[in-house]
Amino acid sequence: MKGIIFTEFLEMVEKKFSPDMADKIIEASKNLSTDGAYTAVGTYHHSELIELVSHLSEEVDVDVPMLVEAFGKFLFERFVVLYPNFFTEDQTTFGFLDLIENHVHVEVKKLYPDAELPTFDTTLFNENHLEMIYQSKRPFAPVAYGLMQGCIDHYKENITIEREDLSGGENKHVKFTLTKHA
């Protein structure tokens, strides 16, 4: 997993909780390959992020899925700042989400050729219904959900998301159904 995910997670912890909290969860994590010193371009095992999130959950008494979703929303906001060329004013939530697999991920692979990205099979049924099938080796569908929520907030649309875990609760293969409301 690319280091930018780790650096942004720790940035979120520092901003939403405190720099001391970030230090605390790093110190509590015994299986970090770098002792918590991540670089955006490095590659690290996803289990390290799970360990960090688990310790944050214990410290702040918030369920892991809620924290991971909040991280997804935070990450979307950061992507808007870091990669503004992906986000245009005339775009919509559905329009952007439909570009992820064949445009955004292509550009990400140019920046990070060794990145192991999830896949998104997107079907736009009509202007009010979009389906996204998330598949990954890693159990991070809640991050994808948070990213979608961040996208909805960014484009200021009234959209609800339903999820169906197709991987038996592993969060590796999930169908997201998005419905736009007037």
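This is a predicted model: local features need pLDDT of at least 70, side-chain atom pairs count only at pLDDT 80 or more; totals for chains, interfaces and linings use all residues.
The buried residues of helix α2 pack against two partners, α1 (3–16) and α3 (46–60).

Which residues of α2 are buried? Helix α2 covers residues 19–28, and its buried residues are Met21, Ala22, Ile25 and Ile26. Seen down the axis of α2, they fall within an arc of 135 degrees, so they line one face of the helix.

Now follow α3 to its meeting with α4. Two packed helices are described by the angle between their axes and the distance between the axes. Helix α4 spans residues 64–82, and its axis comes within 9 Å of the axis of α3. The two axes cross at roughly 110 degrees. That makes α3 roughly perpendicular to α4, because angles of 65 to 115 degrees count as such. The crossing of α3 and α4 is right-handed.

What makes the contact between α3 and α4? From α3 come Val53, Ser54, Leu56, Ser57 and Val60. From α4 come Val64, Leu67 and Val68. By class, six residues of this contact are nonpolar and two are polar. No charged residues take part in the contact of α3 with α4.

Helix α4 also meets α1. The axes of α1 and α4 come within 10 Å and cross at roughly 105 degrees. The helices α1 and α4 are therefore roughly perpendicular to each other. On the α1 side, the contact is made by Ile4, Ile5, Glu8, Phe9, Glu11, Met12, Lys15 and Lys16. On the α4 side, Leu67, Ala70, Phe71, Phe74, Leu75, Arg78 and Leu82 take part. How do the residues of the contact of α1 with α4 divide by class? Ten are nonpolar, five are charged, and none is polar.

Leu67 of α4 is listed in the contact with α3. Leu67 is also listed in the contact with α1.

Phenylalanine 176 is elsewhere: leucine 82 and phenylalanine 176 are 94 residues apart in sequence. In space, they are 26 Å apart, C-alpha to C-alpha.

Key. Residues are numbered from 1 along each chain as its sequence is written. Side-chain values use heavy atoms; hydrogens and water are left out. Buried means under 20% relative accessible area, exposed over 50%, partly exposed in between (1.4 Å probe, protein chains only). Helices (H or I, at least four residues) and strands (E, at least two) are DSSP runs, numbered from the N terminus. The arc is that of the directions from the helix axis to the C-beta atoms. Contact means heavy atoms within 4.5 Å. Axes are lines fitted to C-alpha atoms, for helices over the stretch in contact, and angles run from 0 to 180 degrees between N-to-C directions. Angles under 35 degrees count as roughly parallel, over 145 as roughly antiparallel, 65 to 115 as roughly perpendicular and the rest as oblique. A crossing is left-handed if the near helix is turned anticlockwise from the far one by less than a right angle, and right-handed if clockwise. Ala, Val, Leu, Ile, Met, Phe, Trp, Tyr, Cys and Pro count as nonpolar, Asp, Glu, Lys and Arg as charged, and the others, Gly among them, as polar.
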